[in-house]
Amino acid sequence: MTGVRRRSVARPLLYGALVLCALLTLLPFVWVISGSLRGLDEIRSDPGAWLPHHLTFGNFERLFATEGFGRFLANSVVVAVMVVAGNIVAASAAGYALAKLDFAGRRIAFAAVMGAMMVPLTTVFVTQFVITVDLGLADTLTGIALPSLALPLSVFIMRQYAMSIPDELLEAARIDGAGEFRIFFGIFLPLAGPAVATITIMSFLNSWNNFLWPLIVAQSMSGYTLPVGLAATSQAAAHVTDYGLLLAGAIVVMLPVLVLFLFLQRYFVQGVAGTGMR
Amino acid sequence: MTVTVLPGAPRRARRPRGAARRTAVAWLFLAPFTVVFLVYTAIPTVAALAFSLTDLRGADLRHPFAVDFTGLENYLRLFQDQSFLRDILNTAVFVAVGVPLTMGTGLALALALNSGIRRMRGVFRTVFFAPVVTNIVAVALIWQYAFNASGTVNKVLGAVGFAGPNWLDDPNLTMPVVILLGVWRNFGTAMVLFLAGLQAIPQDVYEAASLDGAGRWQQLRRITLPLLRPTTLMVSVLLTVFYLQVFDEPYLLTNGGPLGSTESVALYTYHQFGVGEFGMSSAASFVTLLLVMLVSAVQFRLLRPRA
């Protein structure tokens with residue numbers, strides 16, 4: 001990299017360009033924070049102002065007091081807990097089997113994982129909806145969570161990680177007479193921590209930000225997750241220009257994931273960079 | 001579960017029984033995934049194909065025998081439907097403009113972050129990746145707030161003497177705004193994939209090149225870009241597959257309007273579902289699946305020589 005150091009004139013230019021790009025990327029975050037702190041009258045009288053004249057937290061109070069966001073938040077949390085738990089169990093077991101067990105049908109099972117990543121939601125949502133209705137799960141949180149309980153992405157992450165664990169570790173236990181379940185729980189899982197962390201993060205992200213599927217399954221306000229509730233609030237006639245309220249809602253929806261992201265960035269980036277999916 | 005292995009016992013003799021047991025145990029491990037896969041991916045895909053060949057409507061769900069097999073009629077109707085053809089065009093525009101813009105931005109930022117800078121590198125990467133994890137419903141609202149006729153964007157334009165247009169109501173301007181949202185949301189994904197690709201290029205290639213007197217620009221054109229080709233292909237296919245299914249951005253920003261100027265194929269599928277035309281909806285969704293499979297097949301062909 002000696003060639004780089006010689007060109008010291010280029011360095012400030014590069015930083016200038018990067019700072020400019022970063023500011024442009026951050027603009028929507030500036031807008032949402034400033035807008036959520038502006039009162040309704042202020043937004044009506046001066047809709048395009050960049051900063052609030054008077055700070056108010058009234059929008060956040062209204063969200064939870066009258067717009068049902070407490071319920072949406074609780075629903076989102078319940079769905080996310082189901083999805084994360086399901087993925088940890090299903091993906092750890094499936095990823096381990098695909099990477100470490102030699103059995104009839106392994107290639108078919110792996111092809112199913114890869115194929116499932118390819119099928120667009122738009123292709124299957126109509127029939128998924130019919131199945132959900134047939135199972136009596138329309139408009140339930142379980143109905144929202146079920147299709148995401150064993151994401152192929154999670155299985156893929158665990159399978160890739162399991163491939164990197166040396167066979168000798170497991171083989172030694174097998175020769176000592178340990179059963180497959182003891183090997184899985186006693187030896188494999190304790191080593192699979194990083195993959196479990198990535199799966200937790202990725203399935204939480206998937207569940208929290210999922211929009212089209214909950215939009216289809218949830219049919220009454222009491223079953224809305226946060227994104228569906230926010231979209232419904234914004235489409236209600238009473239709120240068309242009530243941007244302060246809507247932007248406060250936007251903050252409630254995006255904040256949990258952004259906070260997690262700031263602390264656990266590594267896992268987010270690994271999860272996306274490893275597969276390019278989310 | 002304890003299996004005692006006698007020293008010197010002939011392992012081969014036990015294998016048939018052991019293999020069957022191993023297979024049973026393995027499928028037990030795979031059971032949770034397999035059940036969800038069958039119920040929510042395999043069966044729905046086959047059923048969607050079947051639906052697309054019938055005149056199934058929402059009202060028929062309780063009376064399945066009222067449904068008629070209509071062969072390819074839905075597909076014929078689709079390709080005679082002007083709005084579906086327009087939506088294919090809209091989706092093609094979204095892909096043709098959005099993919100290069102997203103890749104270009106991601107690649108430029110990855111090159112900048114990989115150019116040997118140290119200070120603030122982590123901060124920049126965090127900032128550029130943040131849109132990827134940000135909830136799209138929330139972001140779409142922010143864009144409506146910023147891009148409405150009297151919003152913050154037009155306030156800036158007004159301050160420098162331009163009369164800002166009505167971004168989300170003008171059929172000529174909505175698509176650019178929708179594409180911009182797609183690019184903002186996805187360039188971070190392209191960036192981290194390019195960064196991973198760049199870091200896999202061995203440094204001594206560059207050292208040799210600069211000893212031979214190759215400048216930065218020449219190194220980029222003759223070394224970096226050619227060696228990055230597999231990553232470039234992978235990112236382009238990934239984004240193409242992703243953008244072919246574009247739903248969230250146009251649904252949330254404009255619901256496909258005005259005058260259908262931003263309705264995508266996925267949004268058409270959703271709207272047909274909404275009016276109870278399940279057969280038509282499934283046929284439209286299969287067009288998306290075929291396009292995705294086509295692009296994926298091209299991907300495997302292009303990537304095979306490397307692997």
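Colleague: Where is B:Met120 found?
Modeller: This is a predicted model, so every value here is computed. B:Met120 has a positive phi of about 70° although it is not a glycine. Its place is the loop between H3 and H4 of chain B.

Colleague: Is B:Met120 buried, partly exposed or exposed?
Modeller: Count the C-beta atoms around the residue. A buried residue needs 20 or more within 10 Å, and an exposed one has 12 or fewer. B:Met120 has 15, so the class is partly exposed.

Colleague: What about B:Leu259, buried or exposed?
Modeller: B:Leu259 is in the loop between H11 and H12 of chain B. Its phi is also positive, near 60°, and the residue is not glycine. The limit for exposed is 12 or fewer C-beta neighbours. B:Leu259 has 10 inside 10 Å, so the residue counts as exposed.

Colleague: Which residues does a cis peptide bond join?
Modeller: Most peptide bonds are trans. Here omega is about -15°. The proline of the pair lies in the loop between helix H11 (248–253) and helix H12 (265–274) of chain B. The bond joins B:Gly257 and B:Pro258.

Colleague: Where does H2(A) bend?
Modeller: H2(A) has 27 residues and reaches 40 Å from its first C-alpha to its last, close to the 39 Å expected. The helix still bends by about 40°. A proline, A:Pro28, follows the bend within four residues. The bend is at A:Leu26.

Colleague: Turn to H6(B). What do its buried residues pack against?
Modeller: The buried residues of H6(B) are B:Thr152, B:Val153 and B:Asn154. After the helix comes B:Gly161, with a positive phi near 95°. The buried residues pack against H2 of chain A together with H5 of chain B.

Colleague: How many residues does H2(A) give to the side of chain A that touches chain B?
Modeller: The contact takes 77 residues from chain A and 75 residues from chain B. By class, the chain A side has 57 nonpolar, 15 polar and five charged residues. H2(A) gives the most to that side, with eleven residues.

Colleague: How many residues does the largest nonpolar core have, and what share comes from helix H5 of chain A?
Modeller: Those with the most contacts inside the core include A:Ala94, A:Met158, B:Val137 and B:Ile142. The core has 161 residues. Its largest share comes from helix H5 (residues 69–100) of chain A: 14 residues.

Colleague: Which residues is A:Ala94 in contact with, leaving aside its neighbours within four places in sequence?
Modeller: A:Ala94 is among the residues with the most contacts inside the largest nonpolar core. Its partners come from chains A and B. They are A:Val155, B:Phe29, B:Leu30 and B:Phe33.

Colleague: How many Å separate the centres of the two domains of chain A?
Modeller: The assignment gives domain 1 (2–60) and domain 2 (68–275). Their contact takes ten residues from domain 1 and nine residues from domain 2. Taken over C-alpha atoms, the centres are separated by 32 Å.

Terms used:
Residues are numbered from 1 along each chain as its sequence is written. Chains are lettered from A and ligands numbered from 1 in the order in which they are written. This is a predicted model: local features need pLDDT of at least 70, side-chain atom pairs count only at pLDDT 80 or more; totals for chains, interfaces and linings use all residues. A nonpolar core is a set of buried Ala, Val, Leu, Ile, Met, Phe, Trp, Tyr and Cys residues joined through C-beta atoms within 7 Å. Helices (H or I, at least four residues) and strands (E, at least two) are DSSP runs, numbered from the N terminus. Two residues are in contact if their C-beta atoms, placed from the backbone, lie within 7 Å. Domain bounds come from an automatic or database domain assignment. Ala, Val, Leu, Ile, Met, Phe, Trp, Tyr, Cys and Pro count as nonpolar, Asp, Glu, Lys and Arg as charged, and the others, Gly among them, as polar. The expected span of a helix is 1.5 Å times one less than its number of residues. The bend at a residue is the angle between axes fitted to the seven residues ending there and the seven starting there.
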